[in-house]
Each structure stands twice: as C-alpha cells, then as structure tokens.
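Subject: Structure handover

Hello,

Here is the structure we talked about. Please open it alongside this message.

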Amino acid sequence: MARYALRRLASIALILVLVSAIVFVAIHVLPGNAATLILGEYATPEALRTLEREMGLDRPLLVQYASWVGSVVTGDWGVSLAMKQPVATVVGYRLRNSAFLALAALIVVVVVGIPLGTLAALRRGRPLDLAIVTATYVGISIPEFVTGLLLLLVLAGPSLGWFPTSGYVELASGVTAWARHLVLPAMTLTIALLAHVVRQTRSGLADVLTAPYIRTARLKGASPRRIVLRHALRNALLPTITVLALDLGYLMGGIVVVEEVFAYPGMGRLIIYAVQNRDVPLLQMCALVVASVYVLANFAADLAYAWLDPRIRYS
Amino acid sequence: MTSLPPALGVGGAILALVLALSFAAPWIAPFPTTEQHMLERLKPPGARFLLGTDQYGRDLLSRTLFGGRPALGLGLGAVALGLVLGVPIGLTAGYVGGRLDDLVMRVVDAMLAFPSLLLALLIITALGASTGHALLAIGVANGPGVARIVRSATLALREAEFVLAARARGERHLYVMFGEIFPNVLPPVIVEGTLRIGFAILAGASLSFLGLGVQPPAADWGLMIREARQYVFLSPWPLLVPGTALAFTIVAFNLFGDGLRDRLGAT
Amino acid sequence: MPPPVLDVRALSVQFETNDGPLRVLRDVSLQVARGETVGLAGESGSGKTTLGYTILQALAPTARITGGAILFEGRDLLGVGEDELRRLRGRRIAMVYQDPRSALNPTMRVGAQIAEVLEIHERAPARAARRRAQELLELVNIADPASVARHYPHELSGGMQQRAVIAMALAGGPSLLILDEPTTGLDVTTQARILELVADLKRRVGAAILYISHDLAVIAQVADRVGVLYAGELVEVAPTADLFAQPIHPYTRGLLDALPHLDGVRGLAPIEGRFPRLTDLPPGCVFAPRCDFVAPACTVATPALETVALERRARCVRWPTVLATPRRSTSEAIERAAVTSDVPLLAFEHVSKHFGGAGAVARWLGVGAPPVRAVDDVSFDVRADEVFALVGESGCGKTTLGRLAVRLLRPTAGRVRFAAPKPTDAQIVFQHPDSSLNPMKRIGPSLARPLVLRGLRRRERGRRVRELLESVRLDPDYGARWPAALSGGEKQRVAIARALAMAPQFVVLDEPVSALDVSTQASIIRLLAELRRTLSASYLMISHDLSLVRHVAARVGVMYLGRLVEIGAVDEVFRAPSHPYTRALLSAVPRPDPAVPGRPIRLEGNVPSAQHPPTGCRFHTRCPQKIGRVCEEAEPPWARASATHWIACHIPIAELSRSSEDARP
C-alpha cells in the first residue's frame with residue numbers, strides 16, 4: 001500500500017508541474033502582454049519596452065516560467081494588475097468563500113444523492129426509479145445559470161423575497177444573514193451536482209448488482225437486505241469515491257457560473273474578473289490553485305480507493 | 001426485429017424538431033432579430049409577439065429561433081474538433097504504448113485536471129472573446145477526454161487475436177491501427193461524441209452567458225439569458241423562452257446519446 | 001424406497017428474446033437419490049447450466065418456466081414462496097459454480113464468506129461461525145485453514161478458491177449439492193485434486209449430487225448415473241458403466257466416439273452438422289438433422305423418453321437398430337507424419353522471454369518488482385513436414401513460445417531461427433474463435449487481406465477466397481457474412497483459412513480447439529491434419545489436452561514454469577520412462593471409461609510464481625520423486641532415454657523407467 005501511495009505521489013507531482021506549464025503556456029500565447037495592459041493602447045514603444053524589461057517580460061519564455069514557478073513555491077504570488085492587491089490575500093479570501101459554497105453543496109449531495117441513487121438502483125425499472133432518472137436527466141441538462149436565475153426569480157423576487165438577490169455577508173456579522181446569502185447559490189450548485197451523483201451512484205450500484213458474487217450471495221440464502229448492505233454497498237462504495245472526486249471537477253466548473261449569477265465573491269467570480277481584465281498574475285494563480293485542489297482531491301480519492309479495495313491494498 | 005430504445009426515439013424526435021426549426025429560421029421567423037420596438041419592451045406573450053419581447057422590444061420567438069444556430073454550431077463544431085484532436089492522439093498512444101504513451105497520457109491527465117470550463121476560459125483569455133474562439137476553446141477542452149477513451153479502447157484491442165493475426169501477417173503498423181483497430185473503436189467514439197454534444201452546447205451557452213462567447217447583437221440563447229438577467233423581475237419571458245429551448249435541446253442530445261449507447265452496446 | 005431427493009418432472013423453460021421465445025429446456029425429467037451422484041452431460045447450449053439455476057429458482061428475469069415440476073424432498077419448489085426458498089438456498093440445496101474467482105466477493109475475507117452461511121441459516125454467533133468455517137476448510141483438504149480463512153479471494157490460487165466455494169456450499173449441510181462445471185478453467189492436475197475431493201465428500205457427506213459438465217471423461221470418473229442433454233432435451237439416461245460401454249442414443253454414441261482417448265487410437269470421430277437454433281427447432285427429433293440413423297419416422301414427432309432396458313431410458317425410435325449396429329472400433333487414424341526429416345524449419349536456441357520488471361534503478365533501490373520469467377533458456381526445433389506439440393499447464397510458457405515463433409514477441413535472450421524464405425511463412429491460429437476475426441469486417445475482406453499482401457490482383461483474389469472457403473469446408477457464400485453470424489466452429493475454420501491464405505510453411509496452433517465443443521473439435525482437427533498434408537507444412541501445436549496431442553503430434557515437448565522438462569517422439573513421451581511431472585500430468589488426465597478409475601499422482605502445493613522461480617530444478621517444490629539437495633541446487637541435466645527422447649532430471653533414466661511402470665497410456 002505504501003508503495004502504491006508513493007507511486008501515486010510521484011505521478012501527482014509530475015501532473016502538478018505539467019498543470020503549471022499548461023497554465024503558463026495557455027496564457028502567454030497572448031498577442032499582447034501585461035505591459036500593454038498596464039500602459040494602455042496608446043503607449044509609446046519605448047515606454048512599453050522599458051516596462052517590459054522592468055517586469056521581466058523580455059526574457060525567454062522558459063526563464064519566465066521557471067521564475068514564476070520559483071516565486072509560487074516560495075510564497076510570492078505576485079500582485080494583481082487590476083486590483084492592485086497581493087494575489088495571495090485576494091485568493092485566500094475568495095477561496096474561503098467558495099469553500100463554504102462547495103462544502104454546503106457537497107454535504108447535501110452526499111447525504112441526499114447517494115441514498116437516492118442507491119434507492120433508484122434497487123428499484124430499477126420501477127416507477128420510483130423512472131421518476132428519479134427523469135429528474136436527473138433534467139438536472140444535468142439545464143445549465144446552472146438558468147436554474148440559478150429561475151431560483152432567483154421565484155425565491156428572491158418581489159413576490160416572495162425570502163433571500164437576497166446577490167452579494168455576501170461575513171459570518172462575523174451574524175449567522176442568519178450569512179446563511180441567507182449562501183442558500184440560493186448553494187441550491188443551484190446542489191441541483192446540478194445532485195443529478196450527476198445520483199446517476200453515477202445508480203449505475204455503479206446497478207453494475208455491482210449484476211456481478212456473479214451477488215448471485216452467489218442470493219443462492220446462499222441471503223436476504224435482499226443482507227445482500228445490499230453486506231455485499232453490494234461495500235463494493236459499490238469503491239466507484240462512488242471516484243464519482244465524488246470527479247464531481248469536484250463539475251463543482252468547480254459550476255461554481256464559476258453560479259457565483260457570477262449571484263454576484264457571490266468567490267474564486268469563480270475572481271476568475272471571470274481576471275479573464276475580463278486580462279489580469280495575468282491573478283489568473284495564473286487562480287487556475288493553478290483550482291487545478292491543484294482538483295488534483296489533490298483525486299489523489300485522496302485514489303488513496304481511499306486503494307485502502308478500501310483489498311486487491312490493491314495487499315498486492 | 002430488435003426494438004428501438006425509447007430514449008433514442010424521443011431524443012431523436014426532439015432533435016429533429018430543433019434542427020428543423022433552427023434551419024428554417026430565416027423563413028419562419030416573424031421578425032428580424034435585431035429589429036427593435038421601443039414601445040413594446042418586455043411584453044409577455046401576445047397576439048403580435050407570440051412569445052413576448054426583450055428589453056429592446058425585439059421579438060423573442062424570432063430571436064429564439066435564430067438563437068439555436070450559434071448554440072448548435074458551437075456544440076457540434078466543438079465536439080468535432082475534440083474528436084479530430086483526440087482520436088488520432090488516443091489511437092497512437094494506445095497502439096504505440098511505452099514511453100510515448102506515458103508522456104502523452106501525463107499531459108492528457110494534466111489537462112483533465114482542469115475543470116473543462118476553466119481550460120476554456122484560459123484559452124479565451126489568450127485569444128479574446130468571440131464565437132469562433134469559444135468553439136476552439138471548448139473543442140480543445142474536449143480533446144483530452146476523447147483521447148483517454150480512445151486510448152483505453154485501443155489498449156484493449158491491441159492484444160485482440162485478430163490484431164495479433166494481422167501483425168503476424170506482416171501488416172504495417174499504420175494499417176493495423178486504421179484498418180483493424182479503428183473500425184472497432186468507432187462505435188464507442190460515436191456514442192461518446194454524441195453524449196458530449198449536449199455538454200458542449202451547455203459549455204458554449206455558459207461562456208456566452210459570461211460574455212465570453214457569442215457577442216452582441218447576435219441572437220444566441222446563452223447571450224439572451226445574459227441580457228435578460230437585469231430585467232428578470234420585470235419580465236421573466238426573456239429568461240424562460242431561451243432557457244426552455246436550451247434545456248430541451250440539451251436533454252434531447254443526452255437522451256439520444258444514451259439511446260445510441262444502449263443500442264450499439266447491445267449488438 | 002424413499003423418494004428421490006431431487007425429482008425433476010417434465011420441466012420446460014424458455015427465455016423471452018427479441019427474436020421470439022428461446023425454448024432452452026423441454027420436457028426434462030431427472031431424479032437424484034440420496035447419496036447418489038448423477039452426471040448431467042451436454043455441450044454448450046444444451047441447457048445444462050439453466051437446469052442448475054432453475055432448481056434454485058435463480059434464473060434471469062426474462063426466463064419463464066412453462067411446464068413441469070421440481071420436487072425437492074417431495075415438495076414442489078415451483079410453488080414455494082420466496083421466504084421458504086431463501087431458507088432452502090444455501091442450506092438444503094447448495095451450488096458450486098464454474099468460475100470461483102468471480103463467485104467470491106473480492107472485498108470480503110474467505111472465512112467470513114463461508115461463515116456467512118451459518119450466520120444466515122443458523123443465526124450462529126460470529127465466533128462460532130468462524131470456527132466452523134475453519135473446520136469446513138479443513139474438510140476440503142486445505143492446509144492451514146486458519147490462515148486461508150483470513151485471506152481475500154484474489155490471494156488464493158484457482159484450486160484453493162474452488163475448494164473454498166465447495167466449503168461454502170457444504171456449510172449448511174445440504175441434502176442436494178449442484179456442481180456446475182466446477183473444474184473448467186482449472187489445470188488438469190488441480191482438477192484431479194478437486195475430483196478426488198468430490199469423491200471423498202461423496203463417501204463422507206452422503207448428499208445427493210448433481211454434477212453438470214461438458215467433460216464426459218470427468219463425468220465417467222465421478223457419476224453413478226448419467227443424463228445426456230442435447231439442445232434442451234434429455235436424450236439418454238443410464239448408469240454410468242452402461243452408458244459408456246454401450247451408448248444407445250446416436251448423439252451419445254457420436255459424443256463418445258468424438259472424444260480423443262489417451263491411447264492415441266480411439267476417438268476423434270466427428271459429428272457432422274451444427275447445433276440447431278433454439279428459436280428454430282426442427283420438427284420431430286431434435287438430433288435428426290445430424291443423425292446417421294435417421295429414418296422418416298424421426299422427423300414426424302419428437303420421440304418420447306422410453307425405458308429401453310433396466311434403468312435405461314433413451315429418446316430414440318430407432319434404438320433397436322442403433323444397438324444392433326456395432327460401434328466403430330477405432331476411428332480412422334490421423335496421419336501424424338513420421339519423423340522423417342532432420343532439417344530444422346524453426347529452431348529455438350536458448351530462448352528466454354522475460355516480461356515487465358522494474359528498471360535497474362528501482363531494483364537497486366529495492367522497490368522494483370522482478371520480471372516474470374515466462375520462458376527461460378528453451379532450446380528445441382521443429383522439423384519440416386511434422387507436427388510438434390508443446391504441452392503444459394497454464395503459466396508454463398507454451399503460449400509465449402508460440403508467439404515468439406511468429407515474431408509477435410522478441411526474445412529477451414537467445415535466438416529464433418527460421419529457415420523459410422520469408423518471415424511471414426510462419427502463421428498462427430488462435431484459441432478464441434470470437435476474437436480471431438475482426439467483428440467489423442465481413443469474412444470475404446478478412447480473407448482477402450492476406451492475398452492483398454501477397455500481391456494478388458482483384459479477380460484472382462476473389463477466386464482464391466472462394467477456394468480457401470472450400471478448403472475449410474465452408475460454402476463460398478460465407479464470404480458475404482459477418483463474423484457474428486457464424487458459429488464457433490465456423491469462425492475457427494475461417495481463422496484457419498486466413499492463416500493458410502499466406503501459404504505458410506509453418507503454422508503455430510495455439511489451443512486451436514479448446515474453446516470448441518467436443519463434437520466440433522474432431523472435425524476441426526481432422527481438417528487441420530488434411531490441410532497440413534496438402535501444404536506440406538509443419539505445425540507447432542500448443543495444447544493442454546494430452547489426449548488430443550497423442551492423436552495428432554509426431555513429437556512432443558513438455559513444459560513446466562518456463563522450462564522444457566522432456567522432449568521426444570510422442571509414443572516415447574507418453575510411455576515410461578517419464579519426467580516426474582509428465583508422469584503426474586498423464587496420471588491426472590481423466591479417462592472416459594468408468595471401468596478404469598483414475599489414480600492421479602498428487603502434486604502438493606501450488607505452481608510457484610514465475611517472478612520467483614525455485615532454484616535448481618523448478619519442479620522440486622512439488623516433485624513426488626525428489627531425491628534431495630541436488631534438486632534444489634543444481635539445474636537438471638538432459639539425460640538421453642533414446643536417440644529421440646530426452647528428459648531433464650537428476651534421477652537416472654534407469655530409475656525413471658522402473659518407477660514409471662504403472663503409468664498407463
């Protein structure tokens with residue numbers, strides 16, 4: 001098991017390096033560059049060149065990359081061009097806010113989604129399953145911004161007005177107020193994510209239920225309850241972990257759109273802001289942070305999987 | 001006579017409808033999409049404007065009919081690009097194996113470490129916001145996923161006995177890859193591609209909603225919803241009409257893809 | 001006279017499919033009494049597995065029981081409720097299946113899975129159940145049951161997994177035990193031990209046993225009475241000795257005549273024709289289209305299962321004629337081509353093939369895995385115009401050698417010398433007909449492809465494709481068909497034709513008939529022999545089936561764990577003197593003759609891992625004739641038993657001859 005973990009760790013490290021390279025390359029294919037952004041369109045060529053030299057933009061690409069990676073690793077995350085603040089501070093704050101949202105959505109999804117998916121797989125083909133499947137179809141097919149706006153319309157509109165339409169309030173100012181600002185964005189995220197998780201849990205469990213060893217259990221005289229709890233679920237848990245890790249990816253994609261709809265000050269909104277303003281230092285770090293979170297989450301999932309599956313643990 | 005899965009039938013029917021309407025838009029739309037009627041802004045459905053008007057008094061029905069075109073074009077184009085990029089890479093990596101496969105898959109894994117929207121955003125940042133760039137961005141973001149699937153299928157087939165027989169015959173590697181392996185990789189690729197169209201349309205609409213895809217004054221579902229946002233409490237129709245169209249189209253593609261997978265998997 | 005434990009009466013089962021109802025079992029009646037073992041023999045598609053599952057009511061949802069009754073200890077199982085069924089399953093009726101690896105839950109320890117039976121049926125507390133599980137593992141002759149109980153299924157060998165499944169089946173103390181192909185997929189030496197266990201359990205436990213298998217030789221060793229299933233119908237039932245000595249139904253006769261015997265003389269008589277489609281059954285007797293004794297009366301109505309003699313029933317209206325016709329005493333022997341030439345066509349010179357293994361750095365650090373030594377320093381040659389067979393059990397390296405011969409693999413060490421002008425003069429035919437042909441290509445283009453490589457023009461190709469199809473006894477119109485429409489035997493014929501299309505001088509046959517039914521095997525083998533004569537080609541035949549090899553090969557090589565242990569002319573290898581492993585292998589082959597009980601030489605332990613092969617002689621960890629330290633330290637030298645017969649063993653030839661006296665052919 002330890003050997004497996006080490007190998008995965010080495011793999012992850014390599015991927016993180018590649019991720020940083022991709023981020024860097026994607027952005028620096030830019031026609032213009034940071035200097036042009038700062039000085040504007042009408043800057044003189046000399047002024048541009050001076051600033052470029054100051055910012056180190058005239059060095060070869062590889063050197064710029066290495067220098068950037070070096071500063072990231074030592075904790076110097078640069079300064080946002082558009083916000084004029086240290087990137088680390090901004091990212092830290094926004095990341096925390098997004099984490100609240102993500103956590104809220106994940107909790108609901110795990111507590112509600114996995115049992116729902118299990119139920120659907122057990123009642124396969126019957127009315128309950130069909131209803132659940134139909135609902136999930138709709139859930140994955142409606143874009144988050146549509147769901148979000150619909151929720152906004154109904155629950156935050158002038159008629160009901162239960163929730164604020166946008167913005168954010170610090171936890172320190174009061175739990176109720178803070179929670180009220182979280183509900184709608186969290187709900188929107190949850191709906192989309194729930195649909196994904198229910199579908200995948202359902203198909204994972206349905207697959208397990210057709211396995212030969214389930215038949216063995218039946219022929220041993222095991223009751224359906226015992227089959228599900230002792231045999232099926234444990235084996236279905238394995239792919240579920242993979243599903244959850246994968247869903248973190250959906251989550252992070254969805255968060256971008258949802259935060260925009262509700263003007264929620266999180267990482268997603270920050271990324272959009274950076275893209276719109278071509279704020280290279282900010283965008284680079286945001287992308288790196290988001291991708292790293294995903295990579296690490298998958299790594300944790302791999303380890304959990306290996307720990308649970310005796311075929312991997314004891315090989 | 002094997003029965004048609006209902007998903008295939010229903011999905012296919014809706015798709016046919018959507019495609020037909022989008023194609024026929026220039027002939028059946030009652031108003032030009034850019035024509036403004038300032039006295040009839042944000043009206044609900046009525047006799048003149050069958051589905052209501054938006055904040056500039058433009059007819060929602062016409063705009064929605066035309067709005068499918070960039071959405072569909074983006075979705076189909078992006079997936080096509082993803083296939084063009086992903087299939088050769090996956091096929092080669094899976095067939096050649098060894099160091100090349102390791103290297104290519106590491107890069108693919110790294111690209112898959114980004115939520116696909118984020119990858120697309122990075123590319124848009126580099127190139128600037130437009131429909132074409134959105135297509136490129138989503139297409140490139142789709143490539144790695146396709147490559148991965150093609151690679152798995154290729155790996156499985158590489159040791160198949162008919163492939164080994166071909167190699168024992170002295171067939172050239174290119175023939176084995178494209179003449180023997182590829183035709184067997186095609187069915188899962190088709191299914192995968194069809195399933196991805198729905199998500200590509202969703203991604204394209206999301207980009208347009210964020211202002212980074214289709215640009216005004218074009219008619220596009222995602223863009224229309226973006227514009228409808230400020231006025232949603234004044235009139236829900238500019239949100240509901242394109243939103244419903246978008247949802248229906250994506251559901252249809254997903255249904256069709258699932259039905260196709262059942263159908264092809266059963267043979 | 002107590003009622004039989006199991007009494008199946010006129011059972012009919014069908015499956016609903018898109019092409020109509022598939023009538024899998026029709027009017028099947030069978031009894032099993034307490035303490036009796038009844039064998040159910042049938043080829044694939046006969047419905048034998050369905051019968052097993054029907055008894056336990058564990059069929060797929062698309063199955064329907066359309067008639068008959070299943071009485072268990074007097075009670076009809078078909079009318080019993082779900083709760084009662086659950087009480088019976090695992091306790092009064094237990095089942096053992098074909099693939100133990102997938103029958104066991106991979107995330108649950110073996111002991112716990114066995115103990116579960118007790119927890120379900122006796123509400124036994126955990127500790128008592130665990131203890132009993134260990135006792136059961138001892139009952140099935142597993143050494144160190146406490147340790148095995150703590151293991152997970154994937155950590156055990158195939159043989160041990162199957163024993164664990166048997167232990168699980170015995171846990172509830174069943175009155176009826178159903179075994180469905182329990183030894184298929186296991187090596188012949190492992191199979192011998194499982195059969196020994198079954199015989200032992202018969203004596204000790206006294207349950208009624210229904211033993212389902214396609215392997216008639218195994219049934220001859222195990223069963224007291226035999227029922228023969230063909231395409232869903234029971235065509236003959238008789239005591240084992242009677243059935244084998246004097247089969248009545250033409251299908252049973254055909255089946256027994258098709259079985260290759262270890263003497264190399266009897267058997268391999270083909271049964272012409274194909275299995276009927278279950279959606280499209282012929283009128284009258286289901287075997288009529290393929291029967292040598294068919295008469296007009298046979299196609300009018302399905303014959304009834306009549307009592308023909310004491311305790312013997314057969315479903316044939318022509319049975320008096322059949323009984324009166326003498327059986328073929330020996331089938332036309334297959335010409336093996338005597339060893340005439342000394343010219344090697346393909347030679348292996350100290351060939352080794354190692355797979356995997358971490359790089360040098362990893363190994364130096366101590367974290368690398370050693371390579372799998374599939375083949376280690378093997379040397380032999382195949383002459384022109386001969387059939388050379390390579391035998392051995394799974395993991396011995398014979399498949400790897402076959403692939404090395406046709407350059408699909410490159411040797412890690414040593415050389416493969418091929419004396420023919422072009423490398424593609426060596427071709428290969430594989431084991432699995434389903435994956436031998438590209439499913440996305442029609443037969444014609446698949447066959448034409450090698451011709452394209454040889455430079456033939458379009459019209460010539462068309463002609464040659466038709467010729468090829470004819471040479472493997474297929475209609476020329478098969479060229480337009482898709483592989484999915486062909487039966488296993490037909491696909492294998494196409495695969496052979498495709499190999500032959502390259503006009504090879506040397507063909508590797510990698511288990512060419514093991515995936516086929518017995519009735520088809522004989523015709524494919526004969527076809528291969530005939531084609532070889534026409535082409536004057538050589539065959540390297542890789543097989544685990546020793547009886548088949550005796551019929552077909554001129555020379556044989558025996559392999560164990562990557563090494564060649566014995567080589568010689570076929571008659572020499574199959575008789576004394578023998579390498580101890582060869583001797584054990586030959587003794588383990590079940591004979592299709594109940595009068596000759598098997599006395600397999602027991603091989604203790606499991607096959608060692610090819611990553612850590614034993615030092616010295618690789619067989620020493622299991623050799624019943626190990627002489628001492630020398631076997632562990634030194635590699636055995638090649639000793640010469642005759643001009644053409646060599647054995648790699650430390651034991652002198654004279655002693656090997658003496659000890660092998662009772663190794664019968």
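Predicted model: local features only at pLDDT ≥ 70, side-chain atom pairs only at ≥ 80, totals over all residues.

**Where chain A meets chain B**

In this interface, 39 residues of chain A are in contact with 36 residues of chain B. On the chain A side, six helices each supply at least two residues: α1 (2–27), α6 (127–141), α7 (144–155), α10 (224–262), α11 (267–277) and α12 (280–308). The largest share comes from α1(A), with eight residues. By class, this side of chain A has 33 nonpolar, four polar and two charged residues.

**Where chain C meets chain A**

Here 23 residues of chain C are in contact with 18 residues of chain A. On the chain C side, the elements giving two or more residues are α2 (82–88), α3 (100–103) and α4 (110–121) of chain C. The largest share, four residues, belongs to α4(C). The class make-up is ten nonpolar, six polar and seven charged residues.

**Chain C as a whole**

Chain C has 24 helices and 23 strands. Its C-alpha atoms fill a box of roughly 70 × 65 × 50 Å along the principal axes. Does the radius of gyration of chain C agree with a compact globule or depart from one? It agrees: a compact globule of 665 residues would have a radius of gyration near 26 Å, and chain C has 26 Å. Buried residues make up 52% of the 665 residues in chain C. Take the contacts in chain C between residues at least 6 apart in sequence: 69% of them join residues at least 24 apart.

**The nonpolar core**

The largest nonpolar core has 376 residues. Within this core, A:C286 and B:A120 have the most contacts. Leaving aside residues up to four places away in sequence, A:C286 touches A:V91, A:M267, A:L270, A:I271 and A:A274.

**A look at B:I197**

B:I197 lies in helix α7 (residues 173–209) of chain B. Is B:I197 buried or exposed? B:I197 is buried, because 27 other C-beta atoms lie within 10 Å and the cut-off for buried is 20 or more. Which residues does B:I197 touch, not counting those up to four places away in sequence? They are B:G75, B:L76, B:V79 and B:F253. Of these, B:L76 is 121 residues from B:I197 in sequence, yet the two are 6.0 Å apart in space, C-alpha to C-alpha.

Best wishes

Methods
Residues numbered from 1 in each chain as written. Chains lettered and ligands numbered in written order. Contact = placed C-beta atoms within 7 Å. Nonpolar A, V, L, I, M, F, W, Y, C, P; charged D, E, K, R; others polar. Rg over C-alpha atoms; globule rule 2.2 N^0.38 Å. Buried ≥ 20, exposed ≤ 12 C-beta atoms within 10 Å, placed from the backbone. Core = buried A, V, L, I, M, F, W, Y, C linked by C-beta atoms within 7 Å.
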